[in-house]
Amino acid sequence: MTATRSGVRSPARRRDAEHAAELVPTPWPIALLCGVAGGVACLVAFPPYGLWPLLPVSVALLVAGVMVRSAALAVLVSLLWGLAFFVPLTVWANTYAGAMPWIALGIFESLSAVLFGLLARTVIVRRGLRASSCLVVAALWTGVELLRSHAPWGGLPWGTSAYALSESPLLNLGPWIGTAGLALVVGILGMLLLHGVLALTGRTRRGLRGVAGVWPLSLAVGLVLVTVVVPLPQNRAPEGRSSMTIAGIQGNMDPIDPATLTMPDGVYENHLQVTRDTITTAEEKGEQLELVVWPEDSTEYDPRQDPVRSAQLAQASADAGAPLLVGTQTLVGDHERLNNSLLYTADSADGDVPYTYAKRHPVPFGEYIPARSFFRTLTNKVDLVGYDMLPGQEVGVMDLASITGDEDSAKVGVLICFEIAYDNLVQDTVRDGAEVIVVQSNTALFGDSDESIQQLAQAKVMAVVSGRSVVHVATVGESAIFSPEGRQLSSVGHWEQGALLAEVPLRTGITPAVAAGPWIGIGISAIGLIGLLGALGTRRRALPTPRRRDRDRPRTRS
């Protein structure tokens, strides 16, 4: 006599269950294509391509790709998405560190796509495509992005959703909801697109069908259009002074030797000459400079160790009638260093500078090597970073009024290079009183890559999110000044010699995004985690799970 084992569905019952499932699994060839196409779509959403509408499309393709029976296939799809995005996005690392570290960085960053893919699949398999699961998956997108941006070793925010939106109307939401909120919006738009397309193509068996899929697509378009008219928060200027005249000096240089990574001769002289030319230009225009900014690594070595250079910088400050902020490296002992910003005034001829800022967030594997002895066993490239950079301990805010004695002077926030990409560093600079932010960068380290234009987009986004003008000055470009509304006030292109010169708006207001600090991201991540736990707690399946032949096969007993 034949019997079906208790608790095991017969093949007929299993087929009925699969037919009753809410979603049709994505065929594996289509899933793999979604992974690659989604990663490429994400890449071209970022500068220099700037096709930002493809960012939510890339999210939709990734989620569609992981809607498969097999978790292993979902891992492969997610990995392909990550590799297609992160490897070409971070090609600038090849110039600085070589091919092997660059590929390793791309693979490591791709693991975040794998994590998101598995989490999103878990929710979709159990909850299907509905409003709640749409929100949860978008929140998971945000949470994974935050994790990648801040861990391990401080993380790397390159590829953060917000930084693809520098030319998007969605950026109007930035000062209200911050970079984490922008990531949530991107995730929601992606899920709406997926919702609509699956309904229109008949890939859902319940709920939305056919032309009913038009409404989520229409909602996605409508949300974008609404952001065009979203007002910016009220943001007042300081009492009695609405702007300050700032000059940013881009001295330019010959390309850096990728084998030695040493700065070429003439960097200091180039910046000194452009400074003199800019002082003359300002005098001809009748403008009184209030701050002159040189980029990171613009003095070749610490000028405080050279009486001649200290005297020259002090004289340049005296000629400009304004303090001069320069960037340099300072050795600490035999194996460590600091990345410093030094403020020279007319009284600093002896090298006694009134203000010093040390970069607080050195880049792992670029400016210091964590676990150096271990990674040396993998590659000797780690020894290209001969001196590990120590992190600074103080928030960079120069109170120029107390330094110069001029009560009308501003409080200027200081960040160095990649620090502009870390929202927490920008936030505490603003909360400590910065009325304008200057960013010093040495983009010569990345050659002809797109790193400079990607970083400039980050500066624009953070100007709007923080409600502060951002003066971004690089050795070889791109350099630009952005107002708190994101308007470009002055710029110098890549591999050009020149100067930024503008009346830069000052602001004292605190945007809701800055006031909330990390809590927007924490709250969104909590929504994702709670939704994930809720999905894990249900036994229903909106997407068929893999066939388990050994359990589905009827067994006989006498």
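Modeller: Leu-223 sits in helix H9, residues 214-227. Helices here are DSSP runs of H or I with at least four residues, strands are runs of E with at least two, and both are numbered from the N terminus. The model is predicted, so local features need pLDDT of at least 70 and side-chain atom pairs count only at pLDDT 80 or more, while totals for chains, interfaces and linings use all residues. Residues are numbered from 1 along each chain as its sequence is written, and side-chain values use heavy atoms, with hydrogens and water left out.

With a relative accessibility of 39%, Leu-223 counts as partly exposed. That label lies between buried, under 20% relative accessible area, and exposed, over 50%, with a 1.4 Å probe and protein chains only.

Helix H17 covers residues 519-536; at 1.5 Å a residue its 18 residues should span 26 Å, and its end C-alpha atoms are 25 Å apart, which agrees. The expected span is 1.5 Å times one less than the number of residues. The buried residues of H17 are Gly-521, Ile-524, Gly-528, Gly-531, Leu-532 and Ala-535. They take up an arc of only 105° around the axis, so they lie on the same side of H17. That arc is taken from the directions from the helix axis to the C-beta atoms. Trp-519, Ile-530 and Leu-533 are exposed on the other side of H17. In helix H7, residues 131-150, the 20 residues should span 28 Å, and the end C-alpha atoms are 29 Å apart, which agrees. H7 is mostly covered, with 14 of its 20 residues buried.

Next come the charged pairs. There are eleven salt bridges in the structure, each being a side-chain nitrogen of Lys or Arg within 4 Å of a carboxyl oxygen of Asp or Glu. One of them joins Glu-22 to Arg-540, with the closest N and O atoms 3.7 Å apart. Glu-22 is in the loop between helix H1 (11-20) and helix H2 (28-45), and Arg-540 is in the loop between H17 and helix H18 (549-552), so this pair ties together parts 518 residues apart in sequence. Glu-22 is buried, at a relative accessible area of 6%, whereas Arg-540 is partly exposed at 28%.

Asp-428 and Arg-360 form another salt bridge, their closest N and O atoms being 3.0 Å apart. Asp-428 lies in helix H14 (residues 423-431) and Arg-360 in the loop between strand E6 (355-358) and helix H12 (372-376), so parts 68 residues apart in sequence are tied together. Both of these residues, Asp-428 and Arg-360, are buried. Glu-485 and Arg-487 also pair, with closest N and O atoms 3.8 Å apart. Shared partners join the salt bridges of Glu-22, Arg-130 and Arg-540 into one network.

A search for disulfides, pairs of cysteine sulfur atoms within 2.5 Å, finds zero in the whole structure. Cys-34 is in none, and the nearest cysteine sulfur, in Cys-42, is 14 Å away. Both count as buried: Cys-34 has 10% relative accessibility and Cys-42 has 1%.

The backbone has some points to note. Most residues other than glycine have a negative phi, and most peptide bonds are trans. The bond from Pro-47 to Pro-48 is cis, with omega near 10°, and Pro-48 lies in the loop between H2 and helix H3 (54-65). The bond from Gly-477 to Glu-478 is also cis, with omega near -5°. Asp-297 has a positive phi, near 60°, and is buried at a relative accessible area of 12%. Glu-300 has a positive phi too, near 70°, but is partly exposed at 29%.
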